[in-house]
Amino acid sequence: MLIVHAGNRIDPPDRSEPRFPTSQVSAVAQRVGRLLDVMQPAGVVSAPAAGADLIVLDEARRRAVPLHVFLPIDTDQFVRASVGDHDAEWLRLFEAVMDHARDDVRSSVSRGDGEAHTDWYLEAHQGLLAHAVELAAGDLVVALTVRPPAGEIPHSATDVFADRAGRAGLIVLTVDPRPT
């Protein structure tokens with residue numbers, strides 16, 4: 001079984017309604033870690049954005065689960081748009097995950113053919129899902145999301161990913177990043 005993941009980024013300080021507050025990073029990491037311990041996936045596919053993506057990839061790395069990092073756009077553009085806008089700890093985690101994915105013979109880094117523009121992250125979902133299905137080679141693919149389980153109005157990018165994964169016939173699991 002392979003896990004394909006998409007999740008919410010860390011809330012900016014000015015977000016009025018919490019979706020993934022910084023205070024929940026440790027709790028989410030613990031829940032994701034327990035989930036990986038139980039599921040014991042053959043690999044995890046995710047983009048490496050600050051927030052849920054890097055948490056899932058790092059928890060998999062800590063458990064020696066192969067990482068399949070998917071960069072939907074050029075690495076420098078991705079870092080500027082999805083990692084560099086948060087504190088230096090996220091950049092350090094990005095580098096650790098990327099180094100591991102490049103150095104571990106069971107892991108991989110692949111790049112989509114997207115271009116950085118307003119909705120590149122929404123277009124990336126199709127590439128992420130297709131990459132996971134290809135890597136699974138007929139084995140079960142489970143979509144993991146880190147987002148409020150009821151979704152949001154308007155839908156977040158992670159809600160859109162969950163909808164696409166469900167329409168593709170995947171089982172979709174959700175970890176709620178909000179305080180309980």
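**Helix packing and a few residues**

Modeller: Happy to! Helices H5 and H6 cross in a right-handed sense. Keep in mind that this is a predicted model.

Colleague: At roughly what angle do the axes of H5 and H6 cross?

Modeller: The crossing angle is roughly 35 degrees, and the axes come within 10 Å. H5 covers residues 120-136, while H6 covers residues 157-167.

Colleague: Which residues make that contact?

Modeller: From H5 there are Tyr-121, Leu-122, His-125, Gln-126, Leu-128 and Leu-129. H6 brings Ala-157, Val-160, Phe-161, Arg-164 and Ala-165. Sorted by class, the contact has eight nonpolar, two polar and one charged residues.

Colleague: Which residues of H5 are buried?

Modeller: Trp-120, Ala-124, His-125, Leu-128, Leu-129, His-131, Ala-132 and Ala-136 are buried in H5.

Colleague: And how far apart are the end C-alpha atoms of H5?

Modeller: They are 24 Å apart. That agrees with expectation, because 17 residues at 1.5 Å a residue should span 24 Å.

Colleague: Nice. Let's move to H1: what span should it have?

Modeller: H1 runs over residues 25-39, and its 15 residues should span 21 Å. The end C-alpha atoms of H1 are 21 Å apart, so the two values agree.

Colleague: Which H1 residues are buried?

Modeller: Those are Val-28, Ala-29, Val-32, Gly-33 and Leu-36. They cover an arc of only 135 degrees around the axis, so they sit on the same side of H1.

Colleague: Why would residues three or four places apart point the same way?

Modeller: An α-helix has 3.6 residues a turn, so residues with that spacing point the same way.

Colleague: What do the buried residues of H1 pack against?

Modeller: They pack against strands S1 (2-7), S2 (43-46) and S5 (141-146), along with helix H2 (52-62). Just after H1, Gln-40 has a positive phi of about 45 degrees.

Colleague: Switching topic: where is Ala-47?

Modeller: Ala-47 is in the loop between S2 and H2.

Colleague: Buried or exposed, that Ala-47?

Modeller: Ala-47 counts as buried because its relative accessibility is 11%, and the cut-off for buried is under 20%. Setting aside residues up to four places away in sequence, Ala-47 touches Asp-53, Leu-57, Phe-70, Pro-72, Phe-78 and Leu-128. One of these, Leu-128, is also on the H5 side of the contact with H6.

Colleague: What about Leu-93, which helix is it in?

Modeller: Leu-93 is in H4, residues 88-103. Leu-93 is buried, with a relative accessible area of 10%. Beyond neighbours within four places in sequence, Leu-93 is in contact with Leu-54 and Asp-58.

Colleague: Last one: where does Arg-178 lie?

Modeller: Arg-178 lies in the segment after strand S6 (171-175). Arg-178 counts as partly exposed, at 30% relative accessibility.

Colleague: And which residues is Arg-178 in contact with?

Modeller: Leaving out neighbours within four places in sequence, Arg-178 is in contact with Pro-18, Arg-19, Pro-21, Gln-24, Pro-148 and Pro-149. The C-alpha atoms of Arg-178 and Ser-23 are 9.1 Å apart, although these residues are 155 residues apart along the chain.

Methods. Residues are numbered from 1 along each chain as its sequence is written. This is a predicted model: local features need pLDDT of at least 70, side-chain atom pairs count only at pLDDT 80 or more; totals for chains, interfaces and linings use all residues. Side-chain values use heavy atoms; hydrogens and water are left out. Axes are lines fitted to C-alpha atoms, for helices over the stretch in contact, and angles run from 0 to 180 degrees between N-to-C directions. Helices (H or I, at least four residues) and strands (E, at least two) are DSSP runs, numbered from the N terminus. A crossing is left-handed if the near helix is turned anticlockwise from the far one by less than a right angle, and right-handed if clockwise. Contact means heavy atoms within 4.5 Å. Ala, Val, Leu, Ile, Met, Phe, Trp, Tyr, Cys and Pro count as nonpolar, Asp, Glu, Lys and Arg as charged, and the others, Gly among them, as polar. Buried means under 20% relative accessible area, exposed over 50%, partly exposed in between (1.4 Å probe, protein chains only). The expected span of a helix is 1.5 Å times one less than its number of residues. The arc is that of the directions from the helix axis to the C-beta atoms.
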